[in-house]
Amino acid sequence: MPMIGLALTSYTTYTFEESGRKFRDQLNGELGNSVALTGGRRWENLLAYIRFGYQHQRFENANFSSGIANIHAVANGSEESYSLSVGGGYSVALNDTISTIGTLGIGTAWRRNSFDSELFITQTLGNVTLADYIVSHSDFQSSMVFTYDLAIGLELMLAENFTSYLGYRLIGLTDNKD
């Protein structure tokens, strides 16, 4: 069964060092996307599945802080993952066609993170603020990570062996290895 969804993340925290100065701040999440192919088997109310998924999320912060008043950065990043997981779940029928369903799965994913920033020194002269470009900083990490997912929602039976699902799915990925 194919799945299409929206990826929502409120923020992520990122730290980097450039020219001996440490920068640490939050990047705000933008609307992302996820796509998955899921196949499985059902036994009465129990189910087992295997899922292959893709997720993409972007982050940005136009005022990434250095902790030093006149040094700022414009930063953005992205996170992408390709995952393979197995899991199981349980459904409770509300009527002949609608059920509530909950699932729990574990697996592995190839996770790729990228981060780009441009550092500026700002100087205020009277009522005018001038910004001088200093340097750009880029970082890229990728590795195999452990994943888990927890989902809860409503399931609508469309045919004997085909259902539609509307719900919430929490996906967790461990950090990239340094």
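Predicted model: local features only at pLDDT ≥ 70, side-chain atom pairs only at ≥ 80, totals over all residues.
In which strand does Ser81 lie? Ser81 belongs to strand E6. Ring pairs join Tyr54, Tyr82 and Trp110 into a cluster, and a search of the whole structure finds 1 cavity of 30 Å³ or more.

**Ser81 and its contacts**

- Ser81 has a relative accessibility of 4% and therefore counts as buried, the limit being under 20%.
- Leaving aside residues up to four places away in sequence, Ser81 touches Gly53, Tyr54, Gln55, Trp110, Arg111 and Leu173.

**Aromatic pairs**

- The count of aromatic pairs comes to 2.
- In the pair formed by Tyr54 and Tyr82, the ring centres are 4.9 Å apart and the planes stand at 45°, so this pair is tilted.
- Tyr54 is located in strand E5 (residues 46–65) and Tyr82 in strand E6 (residues 71–93), so their pairing ties together parts that are 28 residues apart in sequence.
- Tyr54 has a relative accessible area of 22% and is partly exposed.
- Tyr82 is likewise partly exposed, at 34% relative accessibility.
- The rings of Tyr82 and Trp110 have centres 6.1 Å apart and planes at 25°; the pair counts as stacked because planes under 30 degrees apart meet that description.
- Trp110 lies in strand E7 (residues 98–125) and Tyr82 in strand E6, so this pair also ties together parts that are 28 residues apart in sequence.
- Trp110 counts as partly exposed, with a relative accessibility of 31%.

- Rolling a probe the size of a water molecule over the atoms shows where empty space is left.
- The lining of the largest cavity consists of 15 residues, of which Gly53, Gln55, Ser83, Arg169 and Ile171 are the closest to its centre.
- At least two lining residues come from each of the following: strand E4 (32–43), E5, E6, strand E8 (128–159) and strand E9 (162–173).
- Sorted by class, the lining comprises 6 nonpolar, 7 polar and 2 charged residues.

Key
Residues numbered from 1 in each chain as written. Heavy atoms only, no water. Phe/Tyr/Trp six-rings, centres within 6.5 Å; stacked < 30°, edge-to-face > 60°. Helix = DSSP H or I, 4+ residues; strand = E, 2+ residues; numbered from the N terminus. Buried < 20%, exposed > 50% of the residue type's maximum accessible area, 1.4 Å probe, protein only. Contact = heavy atoms within 4.5 Å. 1 Å grid on protein atoms, 1.4 Å probe; cavity = no way out; pocket = protein on both sides within 12 Å on 5 of 7 lines; lining within 4 Å. Points joined across faces, edges and corners; volume = space filled by probe spheres on them. Nonpolar A, V, L, I, M, F, W, Y, C, P; charged D, E, K, R; others polar.
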